[in-house]
Amino acid sequence: SHNGNFGIFLNGWPGDGSNSRPHLHHNQANNNAQGGISLYDTPDCVVGYNETDGNRGEGIGLKVATSPNCTLEQNQANGNDKIGIFMWGSPDCVLDHNEANGNLIFGISAAASCGSRFADNSVHGTTMFDLYDNDKDWGNPSPSCSVYQNNHADTAFPSLAWWNVKSAPRP
C-alpha cells in the first residue's frame with residue numbers, strides 16, 4: 001500500500017472491544033506518510049512475512065501497542081524515518097527472525113512489554129541503537145523481564161550482551 005497516512009491501521013476502539021487474534025501476512029506497507037502497519041488493542045495477533053519500508057511522518061514500519069501475546073515473525077522494516085519495529089504495552093509477545101535495517105532512530109524498540117521473547121532478529125545501520133530496551137531504561141533492574149536469544153546487531157541499549165547479540169554478516 002502507499003497512501004496518505006498508514007498502510008494498515010487496526011485499532012480496537014473503547015466500548016467496541018479489541019480486535020482479537022488478527023492475522024496479517026504477506027503485506028507490503030511501504031512509503032506511507034505516517035507509518036506502515038500499526039496495531040492497537042489487538043491481543044493474540046500474528047504478524048508475519050510483511051514488508052514495511054521507507055515510511056515517514058510517525059516513521060514506524062511496524063507498531064504493536066497494547067496487544068499482549070502477539071507473534072511477529074519474518075517481517076522486514078527497513079529505512080523508516082524513526083523506528084523499524086516498535087512494541088509498546090504488549091507483554092508476552094514473540095519477535096522472531098525479523099529484519100530492521102537502516103532506520104533513523106531504533107531498529108527494534110520495546111517498552112512496557114515484559115515477558116516477551118526476542119530471538120534471531122537482525123538489525124544493522126541504525127543512527128542511535130539497533131536494539132533498544134525501553135523497559136531497562138524505565139528502571140527494570142534485570143534482563144529476566146524478557147528473553148533475548150541470538151540477535152544480530154551492531155549497537156544495543158543497555159548492551160549487546162543484554163540482547164544476547166551474536167556476530168553476523170551485515171546485510
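A disulfide is a pair of cysteine sulfur atoms within 2.5 Å. The views below come from a predicted model, in which local features need pLDDT of at least 70 and side-chain atom pairs count only at pLDDT 80 or more, while totals for chains, interfaces and linings use all residues. Residues are numbered from 1 along each chain as its sequence is written, and side-chain values use heavy atoms, with hydrogens and water left out.

**View 1. The disulfide of C45 and C70.** The sulfur atoms of C45 and C70 are 2.1 Å apart. The torsion about their S-S bond is about 125°, so this disulfide is right-handed. C45 lies in the loop between β3 (35-40) and β4 (46-48), and C70 in the loop between β5 (60-65) and β6 (71-73), so the bond ties together parts that are 25 residues apart in sequence. Strands (E, at least two residues) and helices (H or I, at least four) are DSSP runs, numbered from the N terminus. C45 is buried, at 0% relative accessible area; buried means under 20%, exposed over 50% and partly exposed in between (1.4 Å probe, protein chains only).

**View 2. The disulfide of C114 and C145.** Here the sulfur atoms are 1.8 Å apart. The S-S torsion of C114 and C145 is about -100°, so the disulfide is left-handed. C114 belongs to the loop between β9 (106-111) and β10 (117-119), and C145 to the loop between α1 (134-137) and β13 (147-149), 31 residues apart. C114 is partly exposed at 30%, whereas C145 is buried at 11%.

**View 3. C93 and its closest cysteine sulfur.** The sulfur of C93 is 4.7 Å from that of C70, too far for a bond. C93 is buried, with 1% relative accessibility.
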